[in-house]
Structures are given as C-alpha cells and as structure tokens.
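Dear colleague,

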Amino acid sequence: MGRGDAGGERDGRRPVRIAAGPAVAAALAVALALPAAGPASAQGEGAKGSPIKLQLNRLEPAGDACRTYVLVDNSRGGALKSLKVDLFAFDTEGVAQKRVAVELGPLADKKTSVKIFDFAGIACPKIGRVLLNDVLSCEGGEASREGCLERTETESKASVPFDR
C-alpha cells in the first residue's frame, strides 16, 4: 500500500474524528435529508401533473345562442383522448341560466387548441359569468377525472369572468 492508503491516512495525516452530541447529529441528519427532498418534491409535483389551462377567449352572438370560444392550453402536458367538462352560464344577476357538457378533447401532447361550442337559448349580453362546474371525464395516459379537475386552471379574455 502506498502512503495515504493505510488506515485512512492521507499525506501522512490521520483523519480527525469529532464527537458530537444529539443536537448536532439531528442537524446533520436533517441536512443530509434535504437534498433527497428536492427530487421527491419534484416527483410529487409531477404526479399532480402539468396544468390544463382553459381560457374563455371570446363570446359572440349566433342566432339565439351565444357562441363560445375556449382556448385549451395543454402545452406542458401529455395527450388526452377525452376532456369533457360541465359548464354553467350565469346571467348578469348571478342566476344560473344554462348548463352544457362540452368535449374539449382530444388534446394533443404539448399542444394548444381552440374549441367552439354554443350556449343555446341565451344571448351573449345576458351572460355575466361562466363556471367550470366539474370535469365529467378525462382519459389518456394516467389521467383521472379528479386529477384533471385539480390540474385545470381557468381565465378569461372575454367580457365575463370564467371561474372554477
């Protein structure tokens, strides 16, 4: 064995051992655990999934209906075969007026798209708010209805709020 290989010696020096009390040992244990918490947190965030952003982009008259444009931003997520949502249109007094189930899928992997549908029987100026009431179905990959509801974020560029 060469110098520094025997008994943990390096360059003729012996390793120094420090006696530590329970408080120092506990602090060391926490410090050593912190780097491991980083990847675990990232995995937890990954389990939650990337957000699905729904933007109420535009409302326009279409006969006796209100044509609704929704921007579906799945630019950070995986493909979904189906994303069916339950929406309510409230009038300007805050009273629920129309309910519609809308299929927003399929959603391509890391893609943004626009979906168009009508709130039949209600004029656009009478709509005061749109509510994402629920996610009725969400299929694709490891998606679940509850997981997709949790991941869904709403915003509005239209003249009315879009809430969840």
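Two strands are taken to pair if DSSP finds at least two bridges between them. Strands (E, at least two residues) and helices (H or I, at least four residues) are DSSP runs, numbered from the N terminus. On that basis, Q55 has E155 in β7 as its bridge partner.

Please note that this is a predicted model, in which local features need pLDDT of at least 70 and side-chain atom pairs count only at pLDDT 80 or more, while totals for chains, interfaces and linings use all residues. Residues are numbered from 1 along each chain as its sequence is written, and side-chain values use heavy atoms, with hydrogens and water left out.

The sheets

Strand β1 (residues 52-62) and β7 run parallel and are joined by five bridges.

Another open sheet of four strands has the order β4-β3-β6-β8, and its pairing is also mixed. Its edge strands, β4 (96-103) and β8 (162-163), each pair on one side only. Between β3 (residues 82-91) and β4 there are seven bridges, and these two strands run antiparallel. Within this pair, A89 stands opposite K98 in β4.

The disulfides

How many disulfides does the structure hold? There are two, a disulfide being a pair of cysteine sulfur atoms within 2.5 Å. With the bonded cysteines numbered in sequence order, the pairing is 1-2, 3-4.

In the disulfide between C66 and C124, the sulfur atoms are 2.0 Å apart. C66 belongs to strand β2 (residues 65-74) and C124 to the loop between β5 (111-119) and β6 (127-139), so this pair ties together parts that are 58 residues apart in sequence. The torsion about its S-S bond is about 105°, so the disulfide is right-handed. Buried means under 20% relative accessible area, exposed over 50%, and partly exposed in between (1.4 Å probe, protein chains only). C66 counts as buried at 0% relative accessibility, and C124 counts as buried at 12%.

C138 and C148 form a disulfide with their sulfur atoms 1.8 Å apart. Since C138 lies in strand β6 and C148 in helix α2 (residues 145-151), the pair ties together parts that are 10 residues apart in sequence. Both C138 and C148 are buried.

E60 has its place in strand β1 and is buried, with a relative accessible area of 17%. Its side chain makes a polar contact of 2.6 Å with the side chain of R58. A polar contact is a pair of N or O atoms within 3.5 Å; within protein, one must be able to donate a hydrogen and the other to accept it, and residues adjacent in sequence count only if both atoms are side-chain atoms. A further polar contact, of 2.9 Å, joins the side chains of E60 and Y69.

K115 is found in strand β5. The side chain of K115 reaches the backbone oxygen of L104 at 3.4 Å.

Yours sincerely
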